[in-house]
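Dear colleague,

I am handing over the structure below, and some notes on its aromatic rings follow it. Please read them with the structure open beside you.

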Amino acid sequence: MNTTATRTARETEPSHALKPRLRVLLVEDDPADRDLILSELNKGEFEIHSDAAVTADEFRQRIRANCPDVVLADYNLGQWRGTDALEIMREEGLDIPLILVSGALGDVTAVECIKQGVTDYVLKDSLGRLPMALRGALKDKSAREERNRAEESLAQKVEELARSNADLEQFAYVASHDLQEPLRMVAAYTQLLAERYRGKLDEQADKYINYAVEGAVRMQSLIQDLLAFSRVGRQEIGVKSTDCNEIVERTIENLQGTILESGAVVTHGPLPRLMVRGLQLQQVFQHLIGNALKFRGPQTPAIQIAATKEGAEWTFTVADNGIGISPEYAESVFIIFNRLHTRTEYPGNGVGLAICKKIVQQHGGRIRALPRDGGGTIFNFTWPAEELAEGRGPAW
Amino acid sequence: MVTTMAEILLVDDNPADLDLTIDALAQSPWRTHVSTVSDGAEAMAYLYREGKYSEAIRPHLVLLDLNLPRKDGRAVLADMKSKPALRRIPVVIFSTSQARKDIESSYELGANSYVSKPPTLSEWVSAVKVLNEFWIGCACLPREVES
């Protein structure tokens, strides 16, 4: 074919050469109506490839064979209805827009049809509306496909993320186990050196040995903490209805030594009964109250614990009058091994809040650190209020 | 009255850990004679007095590591506890692992106790001393089964 001629043809009738193909399945028992619809379709902006079915069986067969872009169906088809086609497509796992082309439908029927999943309907006495309905249906179809693709890719990402999290946890667990043995050798033998050869070498040697002992001991405690962090959520024990007042009182008892020594006053308001997995909520309180005691300011520590219910979740607050956290660090304090002070100022590895965050998140909650008016910090975290069945819970 | 010194068999592939235990046993109140093997297959040969171990003395106590080359500690334990000639010998599992499943399965297989290797020197020494005091100084031990 001569290209110049083609271009001329396009210029005179651009729409024809560029018409997109559209496969249409017509479900219509009246041949005259079918012709009318077809001729109307051919006037539009599409190059129509039509196929036809009359009975439900035929429809099923045609839809399997050709997978059309759009289905145009009469409402009343004698033995069956156009809306039944929707059910057939669902059975076949096909998501194809269906436009009803029928005689007058009552308002109630029309609404019912749309509810069932009909994309649009066009009255036979105003077939002129057909092209517009087609455009709408195709737009609807591509939106649906887009949404399905997005949902699929999201599901895939969620799965990948879950897998990579599981790998990471497995890695931390194995690494901390396997690292312990050689490290214990270093720690034990440097300690043995320190014990047996102190004063027998020279002062420098004693200092070097002490550095080695300190380094090994610190590494051991880091690994223990990493192990504790990776264990969060690995305990395969069920959830149990637990009184949070008891949890907090037990925590206060555990911290009695520091509380007495600092003269701290720890108070709590009425707390709810919640579904809790093992000692996880106690661990959260232990770290939060423990931190409030550790990072105390010049005045006597005062720590208040309270809970309020908002919708489907409880918000717990642990407020202190300690040294506070400047807002720019309010998020990084939750990162594992992140510390805001030297070990000489405040001991610790920076794992407690990371463990709290992991526990709270695993229960679908959030945790935040906020500055308290008049100095100090308020930690607040949420916990679902829903009553799960005993012994069961989300599988993680 | 003639008293024989208690015989202890240490099964561990890490010479550093063996030395620590030997050192700690030397500091313990009850004197013991210690033999060492470094894998599970050797441990079985020792216990059955095979090959170079034909003169071996049947131990009064075995300290057994779990992760061993060749024959694993778990397999040694299972083997010992299923043989009438060996099942009476107390076996203390002495392993780095603190994993729940290792602890449970060791008792399931018939371990007489499970001690996880302590992280520091002083804890190590005191754990070994406690084992020495209990198993050698306090517990009544079985006699060897006549074969």
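Is Phe285(A) buried or exposed? At 0% relative accessibility, Phe285(A) counts as buried, where buried means under 20% relative accessible area, exposed over 50% and partly exposed in between, with a 1.4 Å probe and protein chains only.

Please bear in mind that this is a predicted model, in which local features need pLDDT of at least 70 and side-chain atom pairs count only at pLDDT 80 or more, while totals for chains, interfaces and linings use all residues. Residues are numbered from 1 along each chain as its sequence is written, chains are lettered from A and ligands numbered from 1 in the order in which they are written, and side-chain values use heavy atoms, with hydrogens and water left out.

Rings of Phe, Tyr and Trp (its six-membered ring) pair if their centres lie within 6.5 Å, and planes under 30 degrees apart count as stacked, over 60 as edge-to-face and the rest as tilted. By this rule there are 10 aromatic pairs over all chains. Among them, Phe285(A) and Phe381(A) have ring centres 5.7 Å apart and planes at 65 degrees, so this pair is edge-to-face. Phe381(A) is likewise buried, at 0% relative accessibility, and ring pairs join Phe285(A), Phe316(A), Phe381(A) and Trp383(A) into a cluster.

In chain B, the rings of Phe134(B) and Trp135(B) are also edge-to-face, because their planes stand at 80 degrees, with the centres 5.1 Å apart. Phe134(B) is partly exposed, with a relative accessible area of 41%, whereas Trp135(B) counts as buried at 11%.

Best regards
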